[in-house]
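Hi,

Here is the structure I promised to pass on. Have a look at it first, and then read on for what turned up in it.

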Amino acid sequence: MSQALQNEASSISAFGGMRINHVRPNYPELDPSNTDAAAVWSVLKSRFDEISKLNFNWDKRGSSGVPSGTLAFTQQMLTSIMPPKTPAPAIVPLGQGGIQLVWHSARGELEVEVIKPNHVVVFFLDNATGI
């Protein structure tokens with residue numbers, strides 16, 4: 001496992017029990033200098049490929065690998081909802097087999113946790129309001 005993956009595994013946050021079937025989050029204002037969609041998708045593909053190779057106990061804490069269906073759903077969701085000029089999110093595998101996508105900006109934080117296909121939890125924090 002890469003050092004970056006180990007660092008991410010040690011800083012994973014958990015979400016509590018909301019189930020959201022259709023998500024169209026209000027995106028924070030993200031880095032407008034990152035406009036090369038091909039470069040962003042190259043980074044995403046590379047990260048998804050790395051995560052797809054994780055097996056049971058990848059973090060030495062008994063965590064599950066991420067099922068291929070969850071990976072495919074997450075990729076399809078991103079192609080459907082991510083605006084073209086959005087920088088790549090941090091992509092973190094979760095211990096129960098899900099994936100967390102994280103974007104940080106001066107305006108706020110957006111976290112999307114894909115627990116399994118069609119089971120998604122979203123958290124947005126607006127830095128201006130604290131909500």
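**What is in the model**

Of the protein's 131 residues, 37% count as buried. Please keep in mind while reading that this is a predicted model. The protein has three helices and four strands, and along the sequence they follow the pattern α-α-α-β-β-β-β. Among contacts with a separation of 6 or more, 62% are between residues 24 or more positions apart. The accessible surface comes to about 7300 Å², and carbon and sulfur atoms account for 54% of that.

Let me begin with α2, which covers residues 37–52. Its 16 residues reach 22 Å from the first C-alpha to the last, close to the 22 Å expected at 1.5 Å a residue. Which residues of α2 are buried? They are Val40, Leu44, Arg47, Phe48 and Ile51. These residues cover an arc of only 100° around the axis, which puts them on the same side of α2.

Helix α3 can be read in a similar manner. Buried in α3 are Thr70, Leu71, Thr74, Met77, Leu78 and Ile81. They cover an arc of only 130° around the axis, which puts them on the same side of α3. And what covers the buried residues of α3? The cover includes α2, β2, β3 and β4 (119–126).

**The core**

The largest nonpolar core has 20 residues, and Leu101 and Val112 are those with the most contacts inside it. At least two residues of this core come from each of α2, α3 (68–81), β2 (99–104) and β3.

Val112 deserves a click in your viewer. Leaving aside its neighbours within four places in sequence, Val112 is in contact with Met77, Ile99, Gln100, Leu101, Trp103, Val120, Val121 and Val122.

Val114 is another one to select; its place is in strand β3 (residues 108–116). Is Val114 buried or exposed? With a relative accessible area of 0%, Val114 is buried, since the cut-off for that is under 20%. Apart from neighbours within four places in sequence, the contacts of Val114 are Thr70, Phe73, Thr74, Met77, Gly98, Ile99, His119 and Val120.

**Salt bridges**

Side chains of opposite charge can pair when their charged atoms come close. How many salt bridges does the structure hold? There are three.

- Lys45 pairs with Asp49, with the closest N and O atoms 2.9 Å apart. The two are four residues apart in helix α2, and so are separated by about one helical turn. Asp49 is partly exposed, at a relative accessible area of 32%.
- Glu50 and Arg47 meet through their side chains at 3.3 Å, N to O. Being three residues apart in helix α2, Glu50 and Arg47 are also separated by about one helical turn. Glu50 is partly exposed, with a relative accessible area of 28%, whereas Arg47 is buried at 11%.
- Arg61 forms a salt bridge with Asp59, and here the closest N and O atoms are 3.3 Å apart. Arg61 counts as exposed at 56% relative accessibility, while Asp59 counts as buried at 11%.

**Backbone angles in a loop**

Most residues other than glycine have a negative phi. Two residues here are worth a look with that in mind.

Asn57 has a positive phi, near 70°, and is not a glycine. Asn57 is found in the loop between α2 and α3 and is partly exposed, with a relative accessible area of 30%.

Lys60 is not a glycine either, yet its phi is positive at about 65°. The place of Lys60 is likewise in the loop between α2 and α3. With a relative accessible area of 71%, Lys60 is exposed.

Happy browsing, and write back with any questions.

Best wishes

Conventions: Residues are numbered from 1 along each chain as its sequence is written. This is a predicted model: local features need pLDDT of at least 70, side-chain atom pairs count only at pLDDT 80 or more; totals for chains, interfaces and linings use all residues. Side-chain values use heavy atoms; hydrogens and water are left out. Buried means under 20% relative accessible area, exposed over 50%, partly exposed in between (1.4 Å probe, protein chains only). Contact means heavy atoms within 4.5 Å. Accessible areas come from the Shrake-Rupley method with a 1.4 Å probe; for residues, only the protein chains shown count as cover. The expected span of a helix is 1.5 Å times one less than its number of residues. The arc is that of the directions from the helix axis to the C-beta atoms. A nonpolar core is a set of buried Ala, Val, Leu, Ile, Met, Phe, Trp, Tyr and Cys residues joined through side-chain atoms within 4.5 Å. A salt bridge is a side-chain nitrogen of Lys or Arg within 4 Å of a carboxyl oxygen of Asp or Glu.
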